[in-house]
Amino acid sequence: MATAGDSSNPTTPKPTTKKRKPRKPKLAAATAQHVISILNTASSAAHSFLSQNDLYLLPSQSLQLESLLSSLPPPFSHLPSQPSLFHRFASSATLDFDHQTALASALYRLAHSACYKTVARKFGLDSFEASCLAFYSVCKAVNDKLGDLFEFRRDLERIVAGFGWISLPNCCGALGFGRFGVDGEIFGRNGSILVQAIVDSEGRFLDISAGWPSSMEPVAIFRQTRLYLGVEDSRESELLKGPTYRLSDGCPIPQYVMGDSCFPLLPWLLTPYSEQDSFGSAEREFNVAHSRAMELVSTAFGRVKARWQLLARSWKEDSLEFFPFVIVMGCVLHNFLIKWGEPLPEESVGGCLKEEELLVFEGEGDETGQTIRDALAQHLSLASTRK
């Protein structure tokens with residue numbers, strides 16, 4: 001499993017872990033200045049490259065990324081230590097191209113779902129093997145170097161403020177699943193890869209756990225993710241343990257995440273009221289607000305598939321081990337483009353998979369979670385009557 005902030009997956013393909021080291025403020029400032037310096041020197045060359053190779057992406061999409069990745073070693077110097085497709089291609093392909101070529105060709109394939117032969121021909125690469133190796137090398141570099149664009153653990157103040165504007169006080173995100181198609185029946189008929197993600201009110205991905213087979217129950221996936229283990233183990237994490245918010249009636253609301261109905265109700269994870277719950281105006285108002293939050297998740301995944309059309313199609317079984325890395329790359333780049341103010345695409349994608357309903361969690365909800373949810377529901381109901 002390729003993941004940001006996660007480390008477990010019991011299935012094939014083999015899980016991988018992506019951890020992010022905290023960056024000191026002075027170091028971050030120095031890095032920003034370095035990136036600006038690189039941008040100034042790289043602009044004309046990158047514009048020229050993009051026009052010569054007929055790359056149908058906004059120039060800024062490649063300019064900024066090329067700048068961040070240009071200080072990396074050659075794209076093939078950090079191949080996995082165990083035998084893999086990377087090594088087979090490296091031993092058979094003549095590799096003679098630079099960072100800009102590798103980056104531009106990878107972005108072109110990701111954006112247009114172009115085959116390796118087409119990409120190799122368009123960008124002057126020696127073979128489809130070289131094109132394939134360039135793509136996965138850039139994918140690895142993005143996963144390794146741009147993971148700080150998942151901001152959940154260091155930008156909660158901004159995240160909470162954003163949800164406050166949509167009447168969800170002290171909310172730290174919306175948690176749900178995205179589904180990415182897989183050819184064949186390795187995960188059963190109409191099988192797919194599930195990706196658990198938290199998004200903020202602007203559609204940024206804050207935490208991702210990718211690579212789970214659709215044959216697993218969502219709650220089983222959830223309880224094995226680093227997110228769940230980190231929040232539940234108070235000895236190791238301060239995540240979602242920030243300041244409480246006092247409602248107008250004085251009820252304290254701790255930091256929480258809105259979660260889909262496939263998740264259990266917890267003190268920090270608020271799920272919707274079900275048909276079995278006693279329904280009144282307060283419960284309805286909560287479910288309306290909850291539905292808006294869940295739309296943020298589906299919209300974010302829809303926009304990722306719209307911008308990066310390679311992710312909108314079903315992935316072949318024989319290269320399934322790489323698919324989670326490609327999904328995470330698409331989400332990282334999605335965040336990157338939001339950060340740099342690029343216009344967002346429409347989330348509808350022709351021919352994309354129909355999102356199926358996930359199994360609703362049928363266990364008992366946590367009592368503290370019920371109390372917090374009821375208090376927030378009353379708050380939302382009162383706020384609605386005042387409008």
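**Close-up views of a predicted model**

View 1. Arg204 lies in the loop that joins strand 3 (192-199) to strand 4 (205-213), strands (E, at least two residues) and helices (H or I, at least four) being DSSP runs numbered from the N terminus. The model is predicted, so local features need pLDDT of at least 70 and side-chain atom pairs count only at pLDDT 80 or more, while totals for chains, interfaces and linings use all residues. Residues are numbered from 1 along each chain as its sequence is written, and side-chain values use heavy atoms, with hydrogens and water left out. Arg204 counts as buried because its relative accessibility is 13%, where buried means under 20% relative accessible area, exposed over 50% and partly exposed in between (1.4 Å probe, protein chains only). Apart from neighbours within four places in sequence, Arg204 is in contact (heavy atoms within 4.5 Å) with Glu151, Arg158, Ile198, Val199, Asn335 and Ile338.

**View 2. The crossing of helix 4 and helix 6.** The axes of helix 4 (residues 99-112) and helix 6 (residues 128-145) come within 8 Å and cross at roughly 95 degrees; these axes are lines fitted to C-alpha atoms over the stretch in contact, and angles run from 0 to 180 degrees between N-to-C directions. Helix 4 is therefore roughly perpendicular to helix 6, a term for angles of 65 to 115 degrees, with under 35 counting as roughly parallel, over 145 as roughly antiparallel and the rest as oblique. Helix 4 contributes Ala102, Leu103, Ser105, Ala106, Arg109 and Leu110 to the contact, and helix 6 contributes Ala134, Phe135 and Val138.

**View 3. The chain as a whole.** The chain contains twelve helices and eight strands, and buried residues make up 53% of its 387 residues.
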